[in-house]
There are 2 protein chains.
Amino acid sequence: MTVSHSGNGRPSPSPTFGDRLSQAVAERESQIVLGIDPDPAKLWPAAIDRASEARARLALTFSDAEEAAGESPPSAGVVARLETAAAVLAHCRALIDAVAPAVIAVKPQLACFERLGAPGWLALEHVTTYAHEQGLLVLADGKRGDVPVTAAAYGQALVASTPSPFGTVAGLGADAFTANPLLGRDSLEPLVQTAREHQAGVFVLVRTSNTGAADILDARMHNGERLWEHLARLVDDLGQAGPAGLKDIGAVTGATEPEHLARLRELMPNTPFLLPGIGAQGGDVAAIAPAFAPGKAGGLVTASRSIANAHETGNRSPAEAARAEAERLREQAWSL
Amino acid sequence: MTVSHSGNGRPSPSPTFGDRLSQAVAERESQIVLGIDPDPAKLWPAAIDRASEARARLALTFSDAEEAAGESPPSAGVVARLETAAAVLAHCRALIDAVAPAVIAVKPQLACFERLGAPGWLALEHVTTYAHEQGLLVLADGKRGDVPVTAAAYGQALVASTPSPFGTVAGLGADAFTANPLLGRDSLEPLVQTAREHQAGVFVLVRTSNTGAADILDARMHNGERLWEHLARLVDDLGQAGPAGLKDIGAVTGATEPEHLARLRELMPNTPFLLPGIGAQGGDVAAIAPAFAPGKAGGLVTASRSIANAHETGNRSPAEAARAEAERLREQAWSL
């Protein structure tokens, strides 16, 4: 176990992710997580204008390399993805600047960065660093899940590092990540172990907010329970609580089906819930009160498009509209 | 639907992934897929020696950029991941060179590239291009699955492209990818649609080869079926067959549980099976005969560590040992 030293000279355990989360929620008086799902077709106009500045930050990198390799000028495709990744980075920084005071974490959607290739992954790394600089936690949303040897590699990628003959290769440095439990307990254990060793957390999919979740997650088992109840027991068992009482392994529990939340809380009394589906997906903050039974950090309310696209109604700037929507959600959840 | 023009001037449908796969298997007389799961601690020695050559190919890129940003010399961490990604690329190219004649596809494990950050993703792109140059299909193994809007982004990332104000951003360009069905049918449909539009395929997890798969995939449903049987029906329904008769949506069906294969084939008569678990995970080629009921392309036999690490027994070079092991598997599967 990793230990730090307290003032009295005795080693004390490092805080768990549950402890870190509890402290962050109390300090910032917010349970709101900003989902970052950048769509290149819906970037804030200012971000597009500032793409060249962001590109300098992202790097001469790829274009230099392609040019050095003999492609001069670089192909239109190379330029397109560099410029797009740079504009996405500028957009994400502006979004974080706008809403940081109202949120405790950002949740970058890995798919939205992966679709821009290596420059997109580089933008994701910059977004992670920038969010940390603003005092925010980073929840990497990739819903990874694989056989144990590969799960260990995902843990290295997201919250740990990889040994190599050339030195240690740092991973993304997220504070937590989402995981898919379909492959069973042994596929989750390397993720849990790696996260725990780094005071990080894992949010395991239990009941998602999409319509199709009914197909499989709601399927009745031979004992009459639904599959998501089975998954909830597994997640409850995997988590460990620190002094603050909240477990370090969380659950993704879609806010579009609030009638499930009381049962989920019964099965996972001390598990932090990540609640997507507020706003654009139709969820309602007031309906999620059961999530907060173990304390204010028991429920993290995620909103993405409803914040980033708030300016589409009314005539405020994107940043003003995003800030107001995030603050509205913050007040509403905090008052529950 | 995308169409091409046949000799008689009438438009004919583009080949489906099932057709492309059938043709590739017939032409190359192989059903073997090389799993590429590079572990920096187990790279072939020649790859480590050739890292600087590969780094020039990967690019001055990141190091140039970091230096241009004022970090001169680059930090040890930056160098470590550049060198590691370069060595991984050299290793993958050497592995492909060694076994290409015996295989029809490569299956890069995305986790192993993601753990090296943006340079790792760049190495993955180079591996994809290199495999295509050798006439091989590329099956991107990331087991992605998410709500529909995000699933669409994964489709763009892996087999399609993303529109942006700066032009079209090309994705990885894989020929197929693996997907996780936990979130239900609506989470798979954008993946299927995007893949189909690009003559690509999707291999959906149905019954994996790890021990823990019994926890959830083998769970009995209220109607007495196991969850994997439910998933098999879903996958069968999603696939469409072209003239060659094989469907374009496949199933990942672990070869470590061959007693399941006959039932899986019954539920998915014309679905291509991706069979991991041969070799290092303990599966046996001879036991998987039911996979080939719809023809030789009905079962793709995946092996990774058993090929890349074949030199650990005996005294052949890594390349010779890998080639021999891949050829042994090819002959064994082809003779079934």
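Me: At 1% relative accessibility, does R144(B) count as buried or exposed?
Reply: Buried means under 20% relative accessible area, exposed over 50%, and partly exposed in between (1.4 Å probe, protein chains only). The relative accessibility of R144(B) is 1%, so R144(B) counts as buried.

Me: On what conventions do these values rest?
Reply: Residues are numbered from 1 along each chain as its sequence is written, and chains are lettered from A and ligands numbered from 1 in the order in which they are written. This is a predicted model, in which local features need pLDDT of at least 70, side-chain atom pairs count only at pLDDT 80 or more, and totals for chains, interfaces and linings use all residues, while side-chain values use heavy atoms, with hydrogens and water left out.

Me: With which residue does the side chain of R144(B) meet in a salt bridge?
Reply: A salt bridge is a side-chain nitrogen of Lys or Arg within 4 Å of a carboxyl oxygen of Asp or Glu. For R144(B) the N to O distance is 3.1 Å, and the partner is E114(A). R144(B) lies in strand β5 of chain B and the partner in helix α6 (residues 110–114) of chain A, so the pair joins two chains; helices (H or I, at least four residues) and strands (E, at least two) are DSSP runs, numbered from the N terminus.

Me: Which residue forms a salt bridge with K107(B)?
Reply: The closest N and O atoms of this pair are 2.7 Å apart. K107(B) lies in strand β4 (residues 105–108) and its partner in strand β5 of chain B, so the pair ties together parts that are 34 residues apart in sequence. Both residues are buried. The partner is D141(B).

Me: Which residue of chain A meets E125(B) in a salt bridge?
Reply: The N to O distance is 2.8 Å in the pair of E125(B) and R81(A). E125(B) lies in helix α7 (residues 117–133) of chain B and R81(A) in helix α5 (residues 76–99) of chain A, so this pair joins two chains. Both residues are buried, and the residue asked for is R81(A).

Me: How many salt bridges are there between chain B and chain A?
Reply: One of them joins R144(A) and E114(B) at 3.1 Å, N to O. The search of the whole structure finds 40 salt bridges over all chains. Between chain B and chain A the count is 6.

Me: What area do chain B and chain A bury between them?
Reply: Buried area is the accessible area (1.4 Å probe) that two parts lose on being put together, summed over both. The contact (heavy atoms within 4.5 Å) takes 76 residues from chain B and 76 residues from chain A. R115(B), F166(B) and L182(B) supply 13% of the area that chain B buries against chain A, more than any other three residues. Carbon and sulfur atoms carry 66% of the total, which is about 6,100 Å².

Me: Is L217(B) buried or exposed?
Reply: L217(B) lies in the loop between α10 (213–216) and α11 (227–238) of chain B. Beyond its neighbours within four places in sequence, L217(B) is in contact with residues including L182(A), L183(A), V206(B) and W228(B). Its relative accessibility is 0%, so L217(B) counts as buried.
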